Amino acid sequence: MSHPVTQALGCVLSISPTMQAVVAFLKTWWVELVCGVVIVAAVPLVAGYVVLVERKLMADMQARLGPMRVGPHGLLQPIADAVKLLIKEDIIPRDADAFIFWFAPVISMVAALTSMGAIYFGPAFRVAQDINIGILFVIGVSSLGFLGIILGGWASNSHYSIMGALRSTAQLVSYETAGGLAIISALLLSGSLKIRAIVDAQSDQHVWFLFLAPVAFFTYLVASIAETNRAPFDLPEAESELVAGYMTEYSGFRWALYFLGEYANMIVVASVATTLFLGGWLRPFSNVRWLDIPMGVLPALLIAALGVYCIYRAGKQPVKVQLGFMWVVALCCFGVAVIYLVPWLVAPLRFAIPGLNGAFWFLFKVAVYIYVFMWLRFTLPRYRFDQLMHLGWYILIPLAIVNIFSVGIAMFLSLELGWNRWLAVMLTTAFTLAVSLLLVRLHDKHASAASSTSAVPSDSYAG
Amino acid sequence: MADSIQNDASQQNNTLLGADELVLNMGPQHPSTHGVLRVKLKLDGERVRGTECVIGYLHRGVEKIAENRTYQQFAPYVDRMDYVAAVSNGLGYCEAVEKLLQVEVPIRARVIRTILTELQRIASHLVWLGTHALDIGALTPLFYCFREREEILKIFEKYCGARLTTHAFRIGGLQYESYDGFEKDVERFCKDFERRIQDYVDLLTGNSIWIGRTRNVGVLSAEDCIALGATGPILRASGVKWDLRKAQPYAAYDRYEFEIPIGTNGDTYDRYMVRMEEMRQSRRICLQAIENIPEGAIFGKVGKVIKPAPGEVYHSIEAPKGILGYYIVSDGTTQPYRVRIRPPSFVNLQALDKMIRGHLVADVVAVIGTLDIVLGEVDR
Amino acid sequence: MADESKPSQESESTPPEPKATSPTPPPKSAPAPAAPAAAKPAAPAPKAPPALQIPVDNEWVQRYRARFGSAILEALEDRKQPYLVIDVSQLSEIARYSRDEEKFDLLEDYTAVDWPRREKRFDLVAILYSFPNNTRLRLKAAVAANERPKSLVDIWPTADWLEREIFDMFGVEFTGHPGLKRILLPDGWNGHPLRKDYDILQQDTAWVRENLGIESGQ
Amino acid sequence: MLDSIFFYFFAGVAVLSAGLMVTRRNALHSAVCLVATLLAIAGIFLQLRAEFLFITQIILYVGGIMVLFIFVIMLVRLDAPIHQIRFRLQRFVAVLVILALAFEGVVILLLARKLPGEGLLIQGSAPADKLPPNSEALAKSLFSDYLLPFEIASVLLLVAMVGAVVMAKSRKRTSES
């Protein structure tokens, strides 16, 4: 697909040596460039709609409607919000450190976007080629976003901001550690840092790493919520205590940058979790051959079903505009479904099927992961800061460390000694859980009455 | 108070950490100070070393207004104090003036007053629960609570045409008869409410984060409560089984059975449990009351012009937030010579300092929430 | 204290009529010995038909009298609510006694009433409640504008804000209060609004103009 | 060509921000400049196809150590040290250091001219796919050839960590008592 296009382009432009150099550059890098541009352009939009989805879901769980004014069912709300934020007055507080204040949100946003560079949003849709530190790159660069938070909080010259910044720093240091240790378990299982290799390993081993290292997944889930400052760990921006934490003094576009950075970060951690634990772009039961055709068509059918549902709902719209809009949405769905179906019908386009389906499954898993984030946010109260620290240092980090050994032992047992893999996994997981229970027990015993967290994490996330 | 000792201790700490005390100004525009409360926090890191409440931003001089209005004219003003429990305010004021006049209110009026006041107690506690949970970070209970409160407000609206500042009662009884279907509405609400309250219990009571955030936070012993004048659910959560509705029954409370829930620790969690149980008990009172509302007049022997004999009277009721007292001095004219209102929020708010010293910033909002203050009442 | 002399004095000072006639239930005169003389001029004024203020002389009143003698100026009941009119100089002691011995453990309210035409223009009113006995008692003490009564904060910490409010609204200053400053009104406010000579439309216009930037000052 | 551009860009950023870091009055600005330096150096690592070092630099130095630096800077009062710095010898030492550095620079420049090739211009490095994946290579040599130093270093770090914990704990106890 790449060759005919670029070659034709090359013929036209191969006049001067400079042009040739440019063409050569483009020839090698065009996928990266296109994907990069798409990501930079799409992330704000996607983040905006993630916000809308979050508000809608929250509204649904809270017995209300959510945004309904801008566009049918509030579908244009993100655009209205963006416009509002862009034209809002940009206030820089007196005595603020203007340069850092100006610069800090950019760091957050850039870090989040850059880290997406190494993510595979599907077998074909990626920016960077398979760099051999892929997953580390994502984690490392996305953690730079915290610099933006810290500096922004400091530069605002406000108590609330600086406390938010301090909290986020402490939280970052604690939960990066836990998250990193959790990732190591998955890396042990895959034996590589390359993202493609990790997914391939899950394909080769016929199992998602979620099932081989459930404790690691759980640890990463908790740590990733904390890293993205989401409830119940949203202390840096806990609105009831610190107004808006490090964002208190920000307004307008700079605030929007922070906000986008936060949601982009959510997509990043969800992608990492999907890659490491949920089989990346592999479809469910990817090794069951006879499911190839039904599961292959499933994405198209699901999207088409969404379109049908839209048509069904369209009949119930009270306003004509909304009815029309629902039809448009339905048609869009059908259009996408057709795009998914065409390769099945046209033989020369067959090669696109894995890419399309892979992208669908990957994004689907990311969406589910983000949905869990939201669900927890609507359900749970917020941790207190000391409780958060205790949870991180006394429970999650030891748990993650123990789990590394458990996973190692399980691998040793099944690979070297030929045990049944599931038996080994169950035994070691049971061991890890026993250790963690012990830790919780010890911790509870030691914790003073005032600062005791009676939080057994596995309990609090049960619902 | 024992503050000076603690102050010394904190100062020692400071020298060790190097003058690192931060004064954080919380409010008057802050999302979780429930209005325009301003709290100056002295912080050592995130730990609270001392507080100072700055209030009065909502001061309207209600007591001064009272001296310039007739007894009847002043009645709507009291609704504006604790605006989430306007009916209770009205009840207290009307009964105080009735006491001053020494008139008897017909039993039917008293029963209807009781029903409405208990509904108001539920509504007030619902607002408390929603905002308190929101302060601690649980978003969803707020909307559930307001959904139920809406039902109560609808009943109020049907009864007297107003939802929030109802002015539901008149001195001497009631102006309005209960509307057709009043009993049915109340009953439907009460039947529903049993299930609804289970929603909050599911979301919060057993939640380990909730427990972690509320247990042992803002502990107030019974002695402290009494010394600081903290009453209502705060006092009961500290283990004092005392409720004015039982101790000195007013309205028609002596006719109904209900329990006084008490706590043991006097911490935020106990106060939460006490208020939850109070809502159930209020529901119970309502159910008993609607079963048999006595027939008869709804207005006692009170003339158009209220001119109490000179003298004074103090009357207090168990408002949702604590003792709401009215001290009225009459000079024999149609206007009260002095109306002193003992606002529960104002007095309870004094306990704030005691409750959060040594706790973390995050606990400040939990404690402000658990005090259940309404700034309209604090500042009057 | 000299216990013997008190009963006679009290019998003089407790005829109910003078109280009912005037707008003020408490005696017109603050110093105890002068009570009968001061009470007389008020008496001839409009005759109120039923006397709602009845003197009480039961057990606990006697206990108070036995303990504080002349400081208990009167013991009355208004609409079945008892109150003691006491000498302000003994306010703190009587309050402490009420809390410790009579078990009035809750200071339910503490406020003041302004009687501008009286020699001692303010009445301090402390409303006490006893949890064990389920009874209320009001202590009333007349205090002149320039007098500085003793603070009750060391007896009931709750008196802290209540006294600040009295100071704010009436300008009564308490000695021994840990931080007596305005509570509801801004610190720089001029005047004490609940005094009777403070008109309802009156405002500290200068303060408003200066701090709120409102030109009219209203 | 592209490599040279990248190198000089990163090197320029590193040197410039290092200079800024030293000269800034505001400690937090210095920290930000240091972050820029470290990032630029990470960029040079990446250009040398040392991806693992690149990401280690970012995660450890920028993501970890600098965050802690900034944390500490934010906790201490920034305006105090500016007035406290009255260290007379400092200028003298600074002059010495600058002289030494300048001497070194001259030597390097002279040597560079003598070296074969384009002098200071970087020759094109080997393409990435021809190099062995260096994180694996690094791991192998670390855990086989340099196992003992590695273990010693980790024990040292552990000791440091325990020491830090003990110190923090004991100070807490005295402050509480």
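How many bridges join strand β7 (residues 322–330) of chain B to β8(B)? Six bridges do, and the two strands run antiparallel. Welcome to a short tour of this predicted model, in which local features need pLDDT of at least 70, side-chain atom pairs count only at pLDDT 80 or more, and totals for chains, interfaces and linings use all residues. Residues are numbered from 1 along each chain as its sequence is written, while chains are lettered from A and ligands numbered from 1 in the order in which they are written.

**The hairpin in chain B**
- β7(B) and β8(B) form a hairpin with five residues between them; strands here are DSSP runs of E, at least two residues long, and helices are runs of H or I, at least four, numbered from the N terminus.
- In the turn sits Gly332(B), with a positive phi of about 90°.
- Across the pair, Val329(B) stands opposite Arg338(B).
- Strand β8 (residues 336–342) has seven of its seven residues buried (20 or more other C-beta atoms within 10 Å of a residue's own, with C-beta atoms placed from the backbone).

**The sheet in chain C**
- Six strands make an open, mixed sheet in the order β1-β2-β3-β6-β5-β4; strands pair if DSSP finds at least two bridges between them.
- At the edges lie β1 (53–55) and β4 (106–114) of chain C, each pairing on one side only.
- β3 (residues 81–86) and β6 (residues 135–143) of chain C run parallel, joined by four bridges, and Tyr83(C) stands opposite Arg138(C).
- Helix α5 (residues 91–100) of chain C lies across β3, β5 (122–130) and β6, at about 175° to β6(C); angles run from 0 to 180 degrees between N-to-C directions, with axes fitted to C-alpha atoms, for helices over the stretch in contact.
- Helix α6 (residues 159–170) of chain C lies across β4 and β5, at about 5° to β4(C).

**Chain A and its neighbour**
- Chain A has 18 helices and zero strands, and 46% of its 463 residues count as buried.
- Chain A brings 23 residues into contact with 16 residues of chain D (C-beta atoms, placed from the backbone, within 7 Å).
- On this side of chain A, α7(A) gives the most, with seven residues.

**A closer look at Pro299(A)**
- Pro299(A) lies in helix α13 (residues 292–314) of chain A.
- Pro299(A) counts as buried because it has 23 C-beta neighbours inside 10 Å.
- Not counting residues up to four places away in sequence, Pro299(A) touches Tyr340(A), Asn357(A) and Phe360(A).

Terms used
Two residues are in contact if their C-beta atoms, placed from the backbone, lie within 7 Å. A residue is buried if 20 or more other C-beta atoms lie within 10 Å of its own, exposed if 12 or fewer, and partly exposed in between; C-beta atoms are placed from the backbone.
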